[in-house]
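This report goes through some backbone details, a sheet and a chain contact. Please look at the sequence and the structure before reading on.

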Amino acid sequence: MADQNPQHGRRQHFHRGRRPDRRGDQRRGPGPAQSQEQAVREHREHVDVEQIMREIRSRISQRHGIELTTQQIQELAARRLEAILDPRTVKPSLLEQIRRSTSTPVDAPATPEATYTFEDTTIYETHRGALRFFRRLLNPLLKLFFNPNPISSALSAQAKLNQAAALREAERDRRQAEWNALHYEILQRLVLEIARTSIDAQQLSMRVEALSAKVEFAERRARSIEGTLQQVRPAPRHESGPQPPQIQQPPRDSASAEATTSPGAPESAPSEGGRRRRRRRRGRRPQGFTPEGAPMGVAPGAAVTEARGPEGGDAPDVDDVDDEDGGPDNGDETDAFDAAPSADAEAAPVQSEVVASAVEEIRSEEAPVHSEPVPSAADTSADTQTEPPAAEVPESSRPPDPFGD
Amino acid sequence: MKLVFVVQRYGAEINGGGELHARYVAERLAAHADVRVLTTCARDYVTWRNEWPPGEDRVNGIPVERFAVAHERNLIDFRERSDRIFRDPHSVQEEFRWLDSQGPTSPTLIKRLARVADECDFVVLFSIRYGPAFYGARFAASKAVLVPTAEREASLGLSILQPVFRGVRAIMYNTFEERAMITALSSNEHVPGVVVGVGSQIPDTVDVERARRTFGLDNPYIIYVGRIDSNKGCADLFRHFTEYTDGASRPLDLVLIGTPVLPIPSHPRIKHLGFVADRDKFDAIAGAELLVMPSPYESLSMVALEAWALGRPVLASARCDVLVGQCVRSNAGLYYEDAREFAAALDRILADPALAATLGRNGRAFYARHYSWPVIERKYLDMFEQLRGEPAEYGMEPIPGWLARRTTTVPPAAVVVNALPTGPVVGTERSESR
């Protein structure tokens with residue numbers, strides 16, 4: 001049988017501690033209640049896969065930075081290399097030649113062909129047989145007029161010199177090409193490594209920012225717990241710091257609170273105290289963070305999102321364990337912190353009952369010290385009068401002492 | 001109404017996507033029409049060896065005519081021709097030769113089809129990349145209803161396919177992505193078409209405990225069903241899963257159902273069940289946390305539909321537009337591109353049972369809305385009625401002449417496919433389904 005109790009239906013509308021703003025006949029009328037219930041059910045049924053994927057990818061990119069493939073990094077490096085090898089300063093044809101030389105293997109220099117060979121008989125050579133015959137026939141006659149041997153020797157030596165020079169030139173070209181290719185390769189790899197390193201550095205800096213945000217949150221959590229402890233502990237008479245009245249006066253004993261609070265003081269003092277505390281803590285906040293506590297350069301709420309639990313719409317993740325180990329406080333701690341007095345006061349009735357008893361123990365040990373306070377100007381402020389001495393708190397309103405009998 | 005189905009293979013034990021699709025549709029439409037199937041004698045899609053005797057047969061009550069395949073596939077020749085037409089500019093004649101090399105080639109089947117086409121109302125042809133559907137569509141164009149089962153692969157870029165897409169009477173698409181791809185490829189807006197897909201034979205009841213007992217599935221598990229092949233993305237799946245389990249604290253197994261082509265890594269959390277009966281398969285899917293579908297090439301993925309029909313979410317590869325589109329349209333699955341997204345999406349579903357349940361419910365509703373048999377049968381019958389009422393105002397373009405066929409003017413098929421628009425088609429289905 002279906003549960004038709006409107007109260008049950010209304011309870012289902014609570015979401016993360018917030019009530020829907022329904023009032024008057026809306027609460028009483030079953031029609032709107034049912035339709036709203038149906039709407040909520042439909043809302044729960046509705047899942048947007050694309051939205052979930054966007055969230056997942058956003059979380060991954062926040063955690064790991066932007067991932068680039070090797071090819072993308074190479075393309076990025078190639079663009080940087082283009083910028084370095086500016087065509088205005090480097091001859092384009094030379095650049096192209098170097099590129100080609102890197103892409104094609106450098107061939108071993110071919111032995112340059114001899115430009116010519118010169119032997120003793122070279123000057124008499126001809127392809128015509130008859131002419132060759134006459135030259136040989138008349139050769140003694142020619143040698144009668146001059147000696148052709150020095151000419152042959154000189155030309156022969158010159159041919160050998162030419163060949164050696166060509167070899168040297170080819171070898172030099174080969175070495176130069178190798179050096180060029182090597183230099184270009186080194187340059188290319190350097191630029192690639194620089195591109196890769198800069199991307200890594202970017203990712204690491206993002207990671208550092210995310211981690212510092214986490215550290216910051218952890219510190220604030222510790223401070224807020226410390227603050228709760230201090231506020232729960234009744235102020236010694238010699239201390240002048242303002243104490244939020246909500247902490248000192250549990251709500252279940254409002255009569256005694258009214259009786260012990262001086263008129264006019266409670267309105268101004270706590271707010272002043274809250275302002276002071278906010279100023280002081282903001283002063284302690286390290287540089288590089290926004291007033292909301294998010295690190296500079298990181299989207300506000302990015303780190304907050306990680307601290308949320310499953311109700312916040314994000315899946316609990318293995319990496320988020322350190323965030324969730326802090327306790328049941330899954331809300332936005334930054335907001336809770338900045339709203340200092342009231343948020344602490346809301347939390348106080350839950351925590352202070354346990355903590356206060358421990359504080360009582362400590363205070364009783366420290367009692368001799370506080371029994372004779374040194375009066376100061378600050379002690380005369382009205383703030384101290386808003387807090388009743390521990391002895392004045394009725395026995396019934398005291399929290400049970402977990403350590404006592 | 002008389003219908004002739006043409007498909008490259010047909011048999012009760014054949015589980016290939018297009019063939020199973022054809023059998024399911026034929027068996028369902030047999031309740032509304034006189035259905036006859038023309039197919040080959042081949043059983044193996046790699047060799048196309050003639051394993052069934054040619055002649056009349058009957059499969060689950062459907063009359064089947066089998067025709068011999070002219071030749072088996074020569075793998076070396078096929079690979080060389082594929083390399084040529086996928087990567088290089090080529091001629092139309094080379095594409096015809098590639099089609100012949102791929103197989104199955106059965107001239108007797110086409111001759112028979114040309115005869116029976118006059119006697120039937122419509123010819124329903126499955127899988128355009130194979131000879132029977134391609135030549136069948138050309139020989140019986142005026143009655144051809146094509147079920148392309150086309151994937152985003154290079155063979156779709158063959159120039160000889162485009163006139164077929166423009167010349168058949170109607171096209172029954174599997175998904176909106178397939179429709180968008182074929183329309184962009186061939187500009188066939190004038191051809192009547194509808195996105196149909198195919199249903200499955202989902203049992204009325206499943207017994208998860210029986211599957212757990214039978215296969216010893218003690219831990220929570222995710223499941224993959226299909227051929228265990230690197231072409232199906234299984235290598236990536238193994239890598240992603242082992243990375244995930246190395247860093248995760250929750251016990252989670254990967255259960256594999258299907259024939260292994262790829263060596264399965266020896267890992268304590270990977271369990272291979274082999275080829276199992278349909279009943280066991282459905283039981284195992286129903287007991288899984290989700291079905292994982294890593295394949296980058298899918299024209300529909302019947303397994304994903306089966307998982308949705310059983311109320312299980314799907315985790316699909318984002319490299320497959322069809323799967324992404326199906327996940328988005330159904331709101332019943334997540335998708336991943338790499339190991340990190342795999343882990344994050346898996347965590348998201350496993351850590352949030354409410355989300356998993358909602359995805360499963362959405363999947364069940366999606367299946368019922370679009371892939372239940374009454375819906376599919378109605379779409380086929382409506383299309384036949386529409387085609388009966390309106391005569392074809394266009395015909396099949398003729399094959400180019402002798403010289404034109406031999407001129408190297410056709411761009412590489414892979415280049416053609418790569419130029420097609422990518423991404424899931426989302427808005428169309430949402431607007432149509434609402």
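Asn60(B) is found in the loop between β3 and β4 (62-67) of chain B. The model is predicted, and in it Asn60(B) has a positive phi of about 50° although it is not a glycine. Most residues other than glycine have a negative phi, and most peptide bonds are trans. Is Asn60(B) buried or exposed? Asn60(B) is exposed, because 11 other C-beta atoms lie within 10 Å, and a residue counts as exposed at 12 or fewer.

Trp48(B) also has a positive phi, about 60°, and is not a glycine. This residue sits in the loop between β2 (34-40) and β3 (55-59) of chain B. Trp48(B) is buried, because 25 other C-beta atoms lie within 10 Å, and the cut-off for buried is 20 or more.

A further spot concerns a peptide bond. The bond from Gly103(B) to Pro104(B) is cis, with omega near -5°. Pro104(B) belongs to the loop between α3 (92-102) and α4 (107-116) of chain B.

## The six-stranded sheet

In chain B, six strands make up an open sheet with parallel pairing, in the order β11-β10-β9-β12-β13-β14. Its edge strands are β11 (270-274) and β14 (333-336) of chain B, each of which pairs on one side only. On average, neighbouring strands of this sheet are turned by 25° against each other, direction ignored.

How many bridges join strand β9 of chain B to strand β12 of chain B? Two bridges join β9 (residues 221-225) to β12 (residues 290-293), and these strands of chain B run parallel. Ile223(B) stands opposite Leu291(B), which is in β12(B).

Helix α13 (residues 339-351) of chain B packs on the sheet and touches β12, β13 (314-317) and β14 of chain B. The direction of α13 makes about 160° with that of β14(B).

## The contact between the chains

The contact takes 21 residues from chain B and 17 residues from chain A. On the side of chain B that touches chain A, the elements giving two or more residues are α12 (321-330), β14, α13 and α14 (353-370) of chain B. Which element gives the largest share of this side? That share, seven residues, comes from α13(B).

By residue type, the side of chain B that touches chain A divides into 10 nonpolar, five polar and six charged residues.

Key: Residues numbered from 1 in each chain as written. Chains lettered and ligands numbered in written order. Predicted model: local features only at pLDDT ≥ 70, side-chain atom pairs only at ≥ 80, totals over all residues. Helix = DSSP H or I, 4+ residues; strand = E, 2+ residues; numbered from the N terminus. Pairing = 2+ DSSP bridges. Axes fitted to C-alpha atoms, helices over the stretch in contact; angles between N-to-C directions. Contact = placed C-beta atoms within 7 Å. Nonpolar A, V, L, I, M, F, W, Y, C, P; charged D, E, K, R; others polar.
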